Amino acid sequence: MAENEWVTGTIRVSIAGHPLEMSMTVPAKPIKPHRMLPVFHQMTNSFVGLSVEAAKAEGEAVSCKAGCGACCRQPVPLAEVEVYQLAELVEAMPEPKKSEIKERFAASAEHFRKIGWFDRVGRFSELARTEPEETVAEEVKNAVHQYMDERIPCPFLEEESCTIHESRPIACREYLVTSPAENCYDPTAATVKKVDMIMEPSKILKHLGTTGSFANAGLLPLVRALELADKVPEHFVEKTGERWVADFFGIMTRSEIPKKGIKAKPKSNRKPRKKRR
Ligand code: SF4
């Protein structure tokens, strides 16, 4: 995109008493929401950074390190926008990598379908309508454990490293621990201590731009991303980058941010200042 097709703005927020200023450059023209993910990744990194600082202030140190993929055998919940972002990411990979990754996705999805795991999580929405919150939470916890017990690595994991680190899902970014990293192979509440996130953009993203196509899926696990994107072509609406950011913060604050509430600074086409005499 040409330079004047971007706008730069600064966002100042205070979350749980932590001030945060973020400068971001977003497309000025209407785009689909999954194309905004690099911006939301950048925002997530800022929120995660604040959370890590808060943990440090409490005397805790993050034990996650490069080359540790212990947590990458857990079901990664995706937002609808991430389903299409990951599908596009894989589609853009060079061969033979693309075919290898697609095969891993197909094999993993087939495995979890065979053991009835997708059917199990598909009942979450119905359960949420009929059962008390604790019952649903217990079922979600048990389903997550069933998934992990299968010990199937994420299709993007190679030599215990994430091959899409820069583009990894938001839920992966939010998962950091201060307990021994190897405990994540078999996590329990007693053995794994997660860093408390001051904010979880993954929960906001679930509502951003959603079309309702997967409203009854219960959970969108990463291993289903390719088949779901294939089965249901995306039909997102387009909005400007500023508007998507405003929608994000609108969902976060449960309020609608009016158009005049966004003050973005165009990168070019700025009116020249009048000279002082
Ligand atoms: S996307 Fe990357 S970080 Fe997330 S589970 Fe897969 S390999 Fe791990």
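User: Hi! Which helix is Leu-89 found in?
Analyst: Leu-89 sits in helix H2; helices here are DSSP runs (H or I, at least four residues), numbered from the N terminus. This is a predicted model, where local features need pLDDT of at least 70, side-chain atom pairs count only at pLDDT 80 or more, and totals for chains, interfaces and linings use all residues. Residues are numbered from 1 along each chain as its sequence is written.

User: Is Leu-89 buried or partly exposed, and why?
Analyst: Leu-89 is partly exposed because 17 other C-beta atoms lie within 10 Å. Buried means 20 or more such atoms, exposed means 12 or fewer, and partly exposed is in between, with C-beta atoms placed from the backbone.

User: What is Leu-89 in contact with, leaving aside neighbours within four places in sequence?
Analyst: Ile-164 and Ser-167. Contact means that the two C-beta atoms, placed from the backbone, lie within 7 Å.

User: How far apart are Leu-89 and Ser-167?
Analyst: They are 78 residues apart in sequence, and 8.5 Å apart in space, C-alpha to C-alpha.

User: New topic: how many residues are in the largest nonpolar core?
Analyst: That core has 48 residues, and Ala-225 is one of those with the most contacts inside it. A nonpolar core is a set of buried Ala, Val, Leu, Ile, Met, Phe, Trp, Tyr and Cys residues joined through C-beta atoms within 7 Å.

User: Which helix gives the largest share of this core?
Analyst: H1 does, with five residues.

User: And what does Ala-225 touch?
Analyst: Not counting residues up to four places away in sequence, Ala-225 touches Leu-78, Val-83, Leu-86 and Ala-87.

Conventions:
Helix = DSSP H or I, 4+ residues; strand = E, 2+ residues; numbered from the N terminus.
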